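Reader: I'm new to this one and would like a close look at a single part. Could you walk me through the aromatic rings, and then show me what surrounds them?

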Amino acid sequence: MMPQQRTRRRPWTSDEDAALRFAVAQSTGPVSWLDVASQVPGRNNKECRKRWVYQLSVPSRKGTWDAAEDERLREAIQQHGLRWASVAQHVATRQPDQCARRWHECIKPGINHGPWSLLDDQMLDEAVALYGNKWTEIVQRFFPDRTPLAAKSRHKQRFQQRDQQRDQQRGQQRDQQRDRQPDLLWLVPDHTQPFTNTGW
C-alpha cells in the first residue's frame with residue numbers, strides 16, 4: 001500500500017483574511033469556528049481558528065523587544081505556561097512564534113549569556129565539524145545552557161575573526177618580502193648628470 005502524501009498547505013490570500021476578520025467580528029460570545037468557516041470559502045474550522053489565533057488576532061510588532069514586553073512575557077509564562085497563543089494574547093504586541101523565540105533564546109532562566117571560553121570555542125569547532133549547521137543538535141549535545149542562536153552567532157564571529165587574522169598575516173608577509181628585497185637603485189644609471197668621457 002502506497003503511503004499517503006501530505007497535502008501541501010495553501011497560503012492564505014488577503015481576501016480570505018478579510019473574510020475571516022469579518023466573520024470573527026460578527027461573532028457574539030465564544031467564537032464558533034464552524035460558523036466562521038462557513039463564511040470563508042475553501043477553509044475549514046481548524047484552518048480558520050489557527051489562522052486567527054496565530055496570525056491575525058494579535059497586532060505584530062517588529063524589531064527589538066522593550067523591557068515592558070519582556071516583563072509581560074514573564075508574567076504570561078507564569079500564568080499560561082508554554083501555551084503560546086495565550087501568551088501572545090497577554091503580551092498583546094507580539095505573535096505567538098515571536099514570544100516562543102524570545103523566551104527560548106533570551107528570557108528563559110538558565111540561559112548562559114556569558115563569554116565563550118577557549119575550551120568552549122574548541123568544542124564548538126569540533127561540533128561544527130561533526131554536525132555542520134545543526135545548531136539545535138549541537139547545543140543539546142555540547143552546550144545545554146546555550147541557545148542555538150548563540151552557538152550560530154559565536155561560530156560566525158569566530159569565522160570572521162579567522163578571516164581577519166589571515167588577511168593580517170598575508171599583509172605582514174607582503175611587508176616582510178618587500179623589506180627583504182635588495183636595493184638595486186644603485187645599478188640604474190643616473191641620466192640626469194651630463195655624460196663625461198674619461199677616455200680622452
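Author: Let's start with the cluster: W116, Y131, F142 and F143 are linked together by ring pairs. A pair here means rings of Phe, Tyr or Trp (for Trp, its six-membered ring) with centres within 6.5 Å; planes under 30 degrees apart count as stacked, over 60 as edge-to-face and the rest as tilted. Before going on, note that this is a predicted model, where local features need pLDDT of at least 70, side-chain atom pairs count only at pLDDT 80 or more, and totals for chains, interfaces and linings use all residues. Residues are numbered from 1 along each chain as its sequence is written, and side-chain values use heavy atoms, with hydrogens and water left out.

By the ring rule, the count comes to 3 aromatic pairs. Take Y131 and F142: their ring centres are 6.1 Å apart and the planes meet at 65 degrees, so this pair is edge-to-face. It joins distant parts of the chain, with Y131 in helix 7 (residues 118-131) and F142 in helix 8 (residues 135-142), 11 residues apart. (Helices are DSSP runs of H or I with at least four residues, strands are runs of E with at least two, and both are numbered from the N terminus.) F142 also pairs with F143: the centres of these rings are 6.4 Å apart and the planes are at 45 degrees, so that pair is tilted.

How open are these rings? Buried means under 20% relative accessible area, exposed over 50%, and partly exposed in between (1.4 Å probe, protein chains only). Y131, at 22%, counts as partly exposed, and F142, at 25%, is partly exposed too. F143 is at 4%, so it counts as buried.

"Over" has cut-offs here: NZ of Lys or CZ of Arg must be within 6 Å of the ring centre and within 35 degrees of the ring normal. Elsewhere, R43 has its charged end over the ring of W12, 4.3 Å from the centre.

Now for the surroundings. The protein chain has 9 helices and 0 strands, and buried residues make up 28% of its 200 residues.

Helix 1 (residues 14-25) packs on helix 3 (residues 45-56) at about 95 degrees, with axes 11 Å apart. Axes are lines fitted to C-alpha atoms, for helices over the stretch in contact, and angles run from 0 to 180 degrees between N-to-C directions. That makes helix 1 and helix 3 roughly perpendicular; the label covers 65 to 115 degrees, while under 35 is roughly parallel, over 145 roughly antiparallel and the rest oblique. Helix 1 brings D17, L20, R21 and V24 to the contact, and helix 3 brings C48, R51, W52 and L56, where contact means heavy atoms within 4.5 Å.

Helix 4 (residues 67-80) and helix 6 (residues 96-107) pack at about 100 degrees, their axes 11 Å apart, so helix 4 and helix 6 are roughly perpendicular to each other. Here the touching residues are D70, L73, R74 and I77 from helix 4, with C99, R102, W103 and I107 from helix 6.

Last stop: Q79, which lies in helix 4. Q79 is exposed, with a relative accessible area of 52%.
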